[in-house]
Amino acid sequence: MHNVMNDDLVLVMDHPLITHKLTQIRKQETGTNEFRKIVNEIAGLMVYEITRDLELEEIEIDTPVEKTKAGQLAGEKLVVCPILRAGLGMVDGILQLMPSARIGHIGLYRDEETLQPVEYFAKFPSKLDERLVIVVDPMLATGGSAIAAIDLVKKRGVKNIKFVCLVAAPEGVRALRKAHSDVPIITAGLDEKLNDKGYIVPGLGDAGDRIFGTK
Ligand code: PRP
Ligand code: URA
């Protein structure tokens, strides 16, 4: 993991396994089945970093040998909030390691002309403001969708939010940092730029279409 943007709240997880898997999904010839599987695998590998600072509490337990004190996760279960549709592709991979996590849904699509996010759905678990909320979306391009999603979560009083993506453009990272300077960004890769259609370059194309086999 390193910090290319010289910003403590932007983590690029350049672990060899993650980089290798990201390369597989960047390839044009990777089909829907493989793409979907690898998106979940990368999301799963990112869980260690996402959960690094979760709070623990000490409990007393009996091992087969003796009584001891040991740590377990404390507080309310965290919430994974995929930005629909493409964010859904990361949820199963995260749940494999955190099966008790709650799930929120944020329905946003990016208008193809204006590139502005359009909201169409939002549904969250109870006590949202007491939980860590992980907003997930494979792509951070202009940053408009991530900013709007985090606006929605903050409107519900949430203080502890992280944004997790697979591929980020520098433009999106800058915009998100500016709009929500308290929200850490964790990404598997940081690409070069956006093209004139707002696609990440080199990127991986349209993540939603590749996960769901549309287009
Ligand atoms: C894609 C992607 C992000 C958004 C990123 O979703 O999954 O949500 O675009 O772009 P931005 O940073 O410029 O906002 P899209 O709107 O294509 O919807 P989909 O997930 O339904 O395919
Ligand atoms: N959304 C995508 O799915 N891909 C991009 O490159 C940009 C936005």
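Predicted model: local features only at pLDDT ≥ 70, side-chain atom pairs only at ≥ 80, totals over all residues.
A polar contact, as used here, is a pair of N or O atoms within 3.5 Å; within protein, one must be able to donate a hydrogen and the other to accept it, and residues adjacent in sequence count only if both atoms are side-chain atoms. Residues are numbered from 1 along each chain as its sequence is written, chains are lettered from A and ligands numbered from 1 in the order in which they are written, and side-chain values use heavy atoms, with hydrogens and water left out.

**Arg131**
- The side chain of Arg131 reaches two backbone oxygens: that of Lys77 at 2.9 Å and that of Ser126 at 3.0 Å.
- Arg131 lies in the loop between strand E7 (117-123) and strand E8 (133-136); helices (H or I, at least four residues) and strands (E, at least two) are DSSP runs, numbered from the N terminus.
- Arg131 is buried, with a relative accessible area of 6% (buried means under 20%, with a 1.4 Å probe and protein chains only).

**Ligand 1**
- Around ligand 1 there are 15 residues, of which Arg110, Asp137, Thr142, Gly143 and Ser145 come nearest (near means that a heavy atom of the residue lies within 4 Å).
- Strand E6 (105-110), strand E9 (139-140) and helix H4 (144-155) each supply at least two residues of this shell.
- The shell divides into 6 nonpolar, 5 polar and 4 charged residues (Ala, Val, Leu, Ile, Met, Phe, Trp, Tyr, Cys and Pro count as nonpolar, Asp, Glu, Lys and Arg as charged, and the others, Gly among them, as polar).
- Oxygen atoms of ligand 1 lie 2.9 Å from a backbone N or O atom of Ala86, 2.7 Å from one of Arg110 and 2.6 Å from a side-chain N or O atom of Thr142.
- Taken alone, ligand 1 exposes 500 Å², and the protein buries 90% of that (Shrake-Rupley method, 1.4 Å probe).

**Ligand 2**
- Residues surrounding ligand 2 include Arg110, Met139, Tyr199 and Asp206.
- The shell around ligand 2 holds 5 nonpolar, 2 polar and 2 charged residues.
- Oxygen atoms of ligand 2 lie 2.8 Å from a backbone N or O atom of Ile200 and 2.9 Å from one of Ala207.
- A nitrogen atom of ligand 2 is 2.8 Å from a polar backbone atom of Gly205.
- The protein covers 88% of the 240 Å² of accessible area that ligand 2 has on its own.

Conventions:
Buried < 20%, exposed > 50% of the residue type's maximum accessible area, 1.4 Å probe, protein only.
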